[in-house]
Amino acid sequence: MNKFDRFFIKYVIYSLPAVIAILIWGSIGEPDQLALSKGATRFFWDTLGWIFMLWIVISFYLSLRTVISRTFRDAFLSKVTRVKERDEREKEISGNAAKFSFFSTLAVLFLFLFLSLFTVTIGRYPKKEISQDKTGYISLGMKFEPYSVEKSKTETTDKEGKVIVNYSDLPLSNAGLLLILILWQIGGYHLVARKELRS
Amino acid sequence: MGNIKTKLKITNNLHVLRAEKRLTQQGLADAIGVTRLTVNSMEKGNYNPSLELAFRLSIYFEKDIKDIFTVESKDE
């Protein structure tokens, strides 16, 4: 981990109180009015705003770096999750624990995926439509939409004018997200395992 | 030569060798580059060291590996 990354991690941790403060202040007060206020209030609001903006940018950078860089991920997540691998015995224990975590997470992801895919409807026909002694029905189905249309809807205009960029959520459905995580877990495991088996 | 498919039980006399050298578990751990808990696990027979660690112990105690570790069939 280089010194910039260490600085960024420290920034994210130590500026957290300021981030929480601006979130509380923003939820209690009116952000639009605070942005137009004057004097000390405006100064504090703007300062916290800059800290928050930098915090988001650095957090995004660290998240991206965690996914891309293996050395950074190992160093950073070992500290966050308190994984200790000081000698060969601890490495073996860590491997067994990781295997347990991998399989149990995969099992939960599969369960969630099936719960997201299947549709079950149990209902009763209206009295007028009852025929041949059939009073109710059971309907089973399967639905897979990886892309969530609702989540992808973005506002293009608001009261202040035209919106240029508006990001709020991943435009993936639950099933889509779960499927990506399952494929990522299995793919990641085989990528590393095959590489090590060949060496 | 027959097949050896039965699980082997490996015992060691690390605690004796350590006592002879008047070493604490931490002292031995520092000398061979592991944690005290690993030395404790090896002495209790809960952990079998890797070949590399076995050789490190062999070099440290100036003994043959067979003088430190004893192998017996688990079925016996």
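Student: At what angle do helix 2 of chain A and helix 4 of chain A pack?

Tutor: In this predicted model, helix 2 of chain A and helix 4 (residues 39-68) of chain A pack at an angle of about 115°, and their axes are 9 Å apart. The crossing of these two helices of chain A is left-handed.

Student: OK, and which residues in helix 2 of chain A meet helix 4 of chain A?

Tutor: From helix 2 of chain A come A18(A), V19(A), A21(A) and I22(A), which meet L48(A), G49(A), I51(A), F52(A) and W55(A) in helix 4 of chain A. By class, that contact has eight nonpolar residues, one polar residue and no charged ones.

Student: Is helix 2 of chain A largely in the open, or largely buried?

Tutor: Helix 2 of chain A lies largely in the open, because the number of buried residues among its 13 is one. Spanning residues 16-28, helix 2 of chain A reaches 18 Å from its first C-alpha to its last, which is close to the 18 Å expected at 1.5 Å a residue.

Student: Where is confidence lowest in chain A?

Tutor: Confidence in chain A is lowest in strand 3 (residues 157-158), at a mean of 63, and highest in helix 6 (residues 88-117), at 93. For chain A the mean pLDDT is 87, with 95% of its residues reaching 70 or more.

Student: Switching to chain B, how many helices and strands are there?

Tutor: Chain B has five helices and two strands, arranged along the sequence as β-α-α-α-α-α-β. Of the 76 residues of chain B, 16% count as buried, and its C-alpha atoms fill a box of roughly 40 × 20 × 20 Å along the principal axes.

Notes:
Residues are numbered from 1 along each chain as its sequence is written. Chains are lettered from A and ligands numbered from 1 in the order in which they are written. This is a predicted model: local features need pLDDT of at least 70, side-chain atom pairs count only at pLDDT 80 or more; totals for chains, interfaces and linings use all residues. Helices (H or I, at least four residues) and strands (E, at least two) are DSSP runs, numbered from the N terminus. The expected span of a helix is 1.5 Å times one less than its number of residues. A residue is buried if 20 or more other C-beta atoms lie within 10 Å of its own, exposed if 12 or fewer, and partly exposed in between; C-beta atoms are placed from the backbone. pLDDT is the predictor's confidence in each residue, from 0 to 100. Axes are lines fitted to C-alpha atoms, for helices over the stretch in contact, and angles run from 0 to 180 degrees between N-to-C directions. A crossing is left-handed if the near helix is turned anticlockwise from the far one by less than a right angle, and right-handed if clockwise. Two residues are in contact if their C-beta atoms, placed from the backbone, lie within 7 Å. Ala, Val, Leu, Ile, Met, Phe, Trp, Tyr, Cys and Pro count as nonpolar, Asp, Glu, Lys and Arg as charged, and the others, Gly among them, as polar.
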